[in-house]
Amino acid sequence: MRCWIETGSSGGSWRNEMKRRTAILLSGVMLCSIGGYVAWCWRPFYLKPRLVFSGAVSPGARRAVERWAKTSAYPGPVRFHWEVAADYLRYPWSNFRAFPVRIVEEPGCGLWAVQFDGMWAFSKTGGEWGPPVPVGGPFAVWRSVTSEVRHQGAVASRIEELGMAEGVTIELLSLGEFGSAHAGDDEAVSSPGVIHDTPILDRVTVSERQEKRELVEAVARAIREAVEVPADRDFGSRGSGIAVILSGGGQKVELEFWPQGYIGYAHGDGVDDPYDCDDNPRETRVVIHSKSRDTFDTLLDRFGVKRMKKEK
């Protein structure tokens, strides 16, 4: 009888121990599952957005994008907020903040990176795609490569294409106030000292290939990196202007722009407005990045081009 009691007691202890171990195991599995779910839902807080290449991307563009993705300039994780964290737990599949960075390259236009609340434009340096800069302003939402963005890139690409062709002549001009040489009617004054209704203050021919590339890429960058004009911008105050004339091989492109006023106009082969429906070259408007002013002031000084007194 004594032996039976001892055996029964031992069996009960074993069953209790198994129950305790099973409870611990199930609790551990449950905690790991909950922890895994929370970690998956909160991944935007600790992981950088992934890259998605939309369509074919050239090897040079892919290298530039991958270099950018390794830098601190690449979009980082989302900042932690309890309200946002709770939304992530409730709606894990509709996590719009986890949208990837989408890469879009269009031959003859440009290379862009687009996310849910921002866009970046790549520009060329030394003939290769360099690091991008954010475009569109801090309040831009749901950015996309619109027809206007493509138009900006197409004009920049056209200038690059013609500017770096063999036998092309490039002139750099300084201009006066926009429209100050107007003749008083709808026709622009045509004379050696006027270009499209604006007086020419000075001009120089850029002959060295490296200098040509630097000038052409500066112009293209000023166009690519400017997508929107501030809503409060006063277009009546544009200050002094700059013009670049590219000609050769029976083709000619003229670009006049006023960095202080964010505005520019292109004329010639291959720079038609996107809404034109014929093959006749016409004037088309482009937006110019205001921060390019210092770059062009430096280039004008280097080439000894006289200009208006600098605006404050």
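How many salt bridges does a search of the whole structure find? The search finds nine salt bridges (a side-chain nitrogen of Lys or Arg within 4 Å of a carboxyl oxygen of Asp or Glu). This is a predicted model, in which local features need pLDDT of at least 70 and side-chain atom pairs count only at pLDDT 80 or more, while totals for chains, interfaces and linings use all residues. Residues are numbered from 1 along each chain as its sequence is written, and side-chain values use heavy atoms, with hydrogens and water left out.

**The chain as a whole**

- The protein chain has six helices and 14 strands. These are DSSP runs, numbered from the N terminus: helices are H or I with at least four residues, and strands are E with at least two.
- Of the 312 residues in the protein chain, 40% are buried. Buried means under 20% relative accessible area, exposed means over 50%, and partly exposed lies in between (1.4 Å probe, protein chains only).
- Take the contacts (heavy atoms within 4.5 Å) between residues at least 6 apart in sequence. Among them, 65% join residues at least 24 apart.
- The accessible surface of the protein chain is about 17900 Å². Carbon and sulfur atoms hold 56% of that surface. Accessible areas come from the Shrake-Rupley method with a 1.4 Å probe; for residues, only the protein chains shown count as cover.

**Salt bridges**

- Glu166 and Arg209 meet through their side chains in a salt bridge, at 3.9 Å from N to O. This pair links distant parts of the chain, 43 residues apart. Glu166 sits in the loop between α4 (147-163) and β8 (169-175), and Arg209 sits in helix α5 (residues 209-224).
- Glu166 is exposed, at 71% relative accessible area. Arg209 is partly exposed, at 44%.
- Arg203 and Glu171 also form a salt bridge between their side chains, at 3.1 Å from N to O. Arg203 lies in strand β10 (residues 198-206) and Glu171 in strand β8, so the pair ties together parts 32 residues apart in sequence.
- Arg203 is partly exposed, with a relative accessible area of 35%. Glu171 counts as buried, at 18%.
- Arg213 pairs with Glu217 in a salt bridge, with the closest N and O atoms 3.6 Å apart. Both residues lie in helix α5, four residues apart, about one turn of the helix. Glu217 is buried, at 8% relative accessible area.

**The seven-stranded sheet**

- Seven strands form an open sheet in the order β9-β10-β8-β11-β12-β13-β14, with antiparallel pairing. Two strands pair if DSSP finds at least two bridges between them.
- β9 (194-195) and β14 (284-287) stand at the edges. Each has a single partner strand, so one side of each is left without a neighbour in the sheet.
- Strands β11 (residues 241-248) and β12 (residues 251-258) pair in the antiparallel sense over seven bridges. Val244 has Leu255 in β12 as its bridge partner.
- Helix α5 packs on the sheet and touches β8, β10, β11, β12 and β14. The direction of α5 makes about 55° with that of β8. Axes are lines fitted to C-alpha atoms, for helices over the stretch in contact, and angles run from 0 to 180 degrees between N-to-C directions.

**A nonpolar surface patch**

- Tyr37, Trp40 and Trp93 form a nonpolar patch on the surface, with about 410 Å² of accessible area together. Patches are made of residues with over 30% relative accessible area and no salt bridge; like charges are joined within 9 Å, and nonpolar side chains (Val, Leu, Ile, Met, Phe, Trp, Tyr) within 5 Å.
- Trp93 lies in the loop between α3 (82-90) and β2 (101-106). Trp93 counts as exposed, at 75% relative accessibility.
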